[in-house]
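The following paragraphs lead through the structure shown below, from the interface between its chains to helix packing and then to single residues.

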Amino acid sequence: MTQRRAVLLVRIAVLAGLVALLEICCRTGIIDPLTVIPPSDMIASMVDHVGSGELNESIVRTFSTIALAFVLAIGCGTLAGALVHRSPRLRDVADPLLASYYSVPTFIFYPLLVALLGLGKAPLVVLGVLSAAPAVMISTLSGLDGVSPVLMKIARVHRLSPGRTLWWIVLPAAMPRLFTGFKLALSYALIGVIAGEFILSGTGLGYAISFAYQSFDNRAMYGLMLFVLLVAVIANGILYVWEGRLARRRSTG
Amino acid sequence: MGGAAGAPPFNGMSDLALENALSRRTSRRRIRAFDAAVLALTMLGLWQAIGSWTNGVAVSPPLQTLVYLFGLLRTWMFWDHAAATLEAFLLAFALSALIGLALGLIFGVRRFAGEVAEPILAGFYTIPKVTLYPVVLLVFGLGMSAKVAFGVMHGLVPMTLFTLGAVRSLPPVLIRTARVLRLSPGRTMRWVLVPACLPAIVDGLRISFSLSLLGVLIGEMFSSQRGLGFLLVNGMAQHNVPLSTAVVTVIVAVAIAANTLMLRLGGRTARRPT
């Protein structure tokens, strides 16, 4: 426990030191203020821009797109994973596909998606699902593989119906790995949607950042950037802590 | 699975079982080849369907793309863009692999530093790094170095994390032996750590390969005047659908080929006797 606390303290100190170093370098002019603005200015700018309400529409739009992509990815990925798990023949086909899926940079399909679906929400959602669903599928497969045969035998001994077997046996046993997939899905959906907005879109937070960059509004750009990164870190952090708790509960029985 | 594995009482039985298993294996392989062919045809059909359904506004059909691609491969312009991407990518990949390997080994051996650094790295891995691209542009300026830096930002962390994990789960006997033999840190890495972690290092290289490619391509798509990413976005902007579809096809083919090669390589290093 003390070891863990020491690690945590040093980690916080390292991060704080880096931020302080950046602040000092910017304030003393070692780093050109036209390149990077001091962290304290970034925070002030973030509070200004997010607090002023001018971005509310973009924020709602971006996060609703991410949420939609996330939910769809989890639904499609879990279903596809369960389906493929049932049939060894499908599995033989799917495994090599899944193994090389993430080697293809999904973003290169984005211009095609825009041409196909227009510049609205649809191509962003599809991009988010395309980058997140396979991760869910992979983790569903590995979670279902990890359910030990003894548990399934117990379910049969107790004559559980398929639905109850799923709810009481399969889901709890596969949960930790499923959860890893959900965590990945969130960060992939987030990266996919924001990157899509950033490269080619007319709305959303990613677009706001790219617009600020193109109009040389550094202050706004850094404030928005900080906001997006904070949200991403917090969302991932929550899932990370939750996952740790799940794993601990499992290890204690 | 069946009788071939056990010790059957009669020779005749064992021959029969063996033959059975063999024929089952070849028929299974045949089924697999059939399924793969069906899959390939389905994908081509889907591609064709999307192409003709949208009248080639978004995606040009497979045959047309292939014809266009062969024409494109004969132009000097294409190779100029491809060379720009390749140069940036190779630099980014080499830098991420070398720095990631070194960092991973150091953080793996120094437990405390490793535990401090790992969540920071993992956190950096999951944030949308695209939003940081303007900063990279401001720091490095437009051009090759910004693309390379962005590729390294993507490729460095997975390499570090894979190596770190491998070193950490190494049997401590190996490191203790190195200490007993009084190997210098450099020699410990060269002769003990790297060979012992080779399968994980190959995995890390594979992930790092595709992510640095992703980083370089995103960089080119956002703001660049050269490279395949630029060619793709440009093709879209000029409504040159066969061009962008052909570029996507080239990138997908190269990425999958490289990944398959490295998967094979990884399988071989994992099976190698230690």
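Two residues are taken to be in contact if their C-beta atoms, placed from the backbone, lie within 7 Å. The model under discussion is predicted. By that criterion, 45 residues of chain B touch 40 residues of chain A. On the side of chain B that touches chain A, the elements giving two or more residues are α1 (11-53), α4 (111-126), α5 (133-140), α9 (198-222), α10 (228-237) and α11 (241-271) of chain B. The largest share of this side, 10 residues, is supplied by α11(B). Sorted by class, the side of chain B that touches chain A consists of 34 nonpolar, eight polar and three charged residues.

Chain B itself is divided into domain 1 (11-53) and domain 2 (65-271). Taken over C-alpha atoms, the centres of domain 1 of chain B and domain 2 of chain B are 34 Å apart.

The packing of helices may be considered next. Two packed helices are described by the angle between their axes and the distance between the axes. In chain B, helix α3 (residues 76-109) packs with helix α6 (residues 144-168) at an angle of about 30 degrees, and their axes are 6 Å apart. Since angles under 35 degrees count as roughly parallel, α3(B) and α6(B) are therefore roughly parallel to each other. Their contact comprises 21 nonpolar, eight polar and two charged residues. The crossing of α3(B) and α6(B) is right-handed.

How do the axes of α7(A) and α8(A) cross, and within what distance do they come? The axes of α7(A) and helix α8 (residues 162-199) of chain A cross at roughly 170 degrees and come within 11 Å. Because angles over 145 degrees count as roughly antiparallel, α7(A) is roughly antiparallel to α8(A). In this pairing, A:L151, A:M152 and A:A155 in α7(A) meet A:T165, A:I169 and A:A173 in α8(A). The contact of α7(A) with α8(A) has five nonpolar residues, one polar residue and no charged residues. After α7(A) comes A:R159, whose phi is positive, near 50 degrees.

A:F216, in the loop between α9 (204-214) and α10 (218-252) of chain A, is a residue other than glycine with a positive phi near 55 degrees. Is A:F216 buried or exposed? A:F216 counts as exposed because it has 9 C-beta neighbours inside 10 Å, and the exposed class extends to 12 or fewer. In chain B, the loop between α7 (172-180) and α8 (185-196) holds B:R182. The phi of B:R182, likewise not a glycine, is positive and near 55 degrees. With 8 C-beta neighbours inside 10 Å, B:R182 counts as exposed.

One further residue of chain A, A:L144, is placed in helix α6 (residues 122-145) of that chain. Having 19 other C-beta atoms within 10 Å, A:L144 is partly exposed, because the buried class requires 20 or more. Apart from neighbours within four places in sequence, A:L144 is in contact with A:A82, A:H85 and A:A174. A:L144 and A:L226 are 82 residues apart along the chain, and their C-alpha atoms are separated by 38 Å.

Methods
Residues are numbered from 1 along each chain as its sequence is written. Chains are lettered from A and ligands numbered from 1 in the order in which they are written. This is a predicted model: local features need pLDDT of at least 70, side-chain atom pairs count only at pLDDT 80 or more; totals for chains, interfaces and linings use all residues. Axes are lines fitted to C-alpha atoms, for helices over the stretch in contact, and angles run from 0 to 180 degrees between N-to-C directions. Helices (H or I, at least four residues) and strands (E, at least two) are DSSP runs, numbered from the N terminus. Angles under 35 degrees count as roughly parallel, over 145 as roughly antiparallel, 65 to 115 as roughly perpendicular and the rest as oblique. A crossing is left-handed if the near helix is turned anticlockwise from the far one by less than a right angle, and right-handed if clockwise. Ala, Val, Leu, Ile, Met, Phe, Trp, Tyr, Cys and Pro count as nonpolar, Asp, Glu, Lys and Arg as charged, and the others, Gly among them, as polar. Domain bounds come from an automatic or database domain assignment.
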